[in-house]
Amino acid sequence: MVRQLEEKLGALHKEGKTRGPIHRCDGQEAIGVAATAMLDDTDYVMSTHRGHAHYIGKGLDVYPVVAEIFGRTTGSCAGRAGHMLVADASKGMIGGNAIVGASIPAATGAALSNQVLGRDAVSMCIFGDGAAQTGICHEAMNMAALWKLPIVFVLEHNQFGLTVDTDMQSPIDDLSIRAAGYGMPSEIVDGNDPVAVYRAVGAMVERARRGEGPGMVEAKTYRLEGFSTSDMGGYQKDEDIAAWKARDPLKVAFDQLKAEIGEDKLKTIEAEAVAEVEAAFDKALSDPFPEFELFNASAAYSEVV
């Protein structure tokens, strides 16, 4: 479903129908969906500017997500958030964030809140390799480990920070080895394998829920599309894109499920997902925009005095 959502958004952007650039997550869907699959509505997730898979994985319906992206009153935030800031507190989705790395301390604060209030809930922060280079990432991880906070750090290592290759951002390939410096366990997984992601993140979630402190999972993947729909491209190697497309997470998941479910059933599920996404767009694009009233400060002051 997420891939259909991304492709539809890409097509509408080319037609000039989206409200600004869209940050697509084609190729990263396995992480967003599998990493959140074991969470409850009471567990918190902080996302990024590339968070559509996180929203759907956490249980948000595609219709209010689409409506929010297009600024309609029927959106999950009543049309006032836009595609990078979608949130739904009832599902534990605290929202995305347009500031690189800003979701990391927010998720750490949510974990501290859970600990102080004695809630049996876990906080999860999903962030990219660009955000992993920020100082606040290290500060938050240090604090989380020191206080044994119930949080899981999920690093979507998609090889690029905006248009900059990861080799130009870090002297090491495996960013999760930094977790050892805080006495925090970590694991590296194939981010295009949903089963591997689910098992690794699930183990960290169970550990955090038992009160054993934070953990980190680095999921290696690749951003198949540009930084945003406004990206002119040209900095990704064709051979790299072809190699990663051969390991497309949708293909990996299809092959994993084919023996258990059957190819016909999987094709039926795919067709239903396409239909649901199309219906969501058709409905959302005909919904009204929010109305805003201009606040008259002078009149309000006069009434008070």
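Which element gives the largest share of the lining of the second largest pocket? I looked this up in a predicted model. The answer is E3, with 3 residues.

**Entry 1: second largest pocket**

I started with its volume, which comes to about 320 Å³. I then listed the lining and got 25 residues. His49, Val100, Gly128, Gly130 and Ala131 lie nearest the centre of this pocket. Two elements give two or more residues to the lining: strand E3 (123–128) and strand E5 (160–161). I sorted the lining of the second largest pocket by class and found 9 nonpolar, 12 polar and 4 charged residues.

**Entry 2: largest pocket**

I turned to the largest pocket, with about 740 Å³ of space. Its lining holds 23 residues. Nearest its centre I noted Met1, Val33, Leu250, Ala253 and Leu257. I checked which elements give two or more residues to this lining: helix H1 (2–14), helix H2 (29–36), helix H3 (52–57), H9 and H10. H9 gives the most, at 7 residues. By class, I found 16 nonpolar, 2 polar and 5 charged residues in the lining of the largest pocket.

**Entry 3: salt bridges**

Side chains of opposite charge can pair when their charged atoms come close. I looked for such pairs next. How many salt bridges does the structure hold? I found 15.

I began with lysine 17, which forms a salt bridge with glutamate 15. Their closest N and O atoms are 3.2 Å apart.

In helix H9 I looked at lysine 258 and aspartate 255. Their side chains meet in a salt bridge, 4.0 Å from N to O. The two residues sit 3 apart in H9 (residues 249–261), so about one helical turn separates them.

In helix H10 I looked at glutamate 263 and lysine 267. They form a salt bridge, and the closest N and O atoms are 3.3 Å apart. Both residues lie in H10 (residues 263–284), 4 residues apart, about one turn of the helix. Glutamate 263 is partly exposed at 35%. Lysine 267 is partly exposed at 45%.

**Entry 4: a network**

Last, I asked which residues are linked in a network of salt bridges. I noted Arg3, Glu29 and Asp248.

Key:
Residues are numbered from 1 along each chain as its sequence is written. This is a predicted model: local features need pLDDT of at least 70, side-chain atom pairs count only at pLDDT 80 or more; totals for chains, interfaces and linings use all residues. Side-chain values use heavy atoms; hydrogens and water are left out. Buried means under 20% relative accessible area, exposed over 50%, partly exposed in between (1.4 Å probe, protein chains only). On a 1 Å grid over the protein atoms alone, a cavity is a set of points where a 1.4 Å probe fits but cannot get out, and a pocket is an open set with protein on both sides within 12 Å along at least five of seven lines; lining residues have an atom within 4 Å of a point. Grid points are joined across faces, edges and corners, and a volume is the space filled by probe spheres set on the points. Ala, Val, Leu, Ile, Met, Phe, Trp, Tyr, Cys and Pro count as nonpolar, Asp, Glu, Lys and Arg as charged, and the others, Gly among them, as polar.
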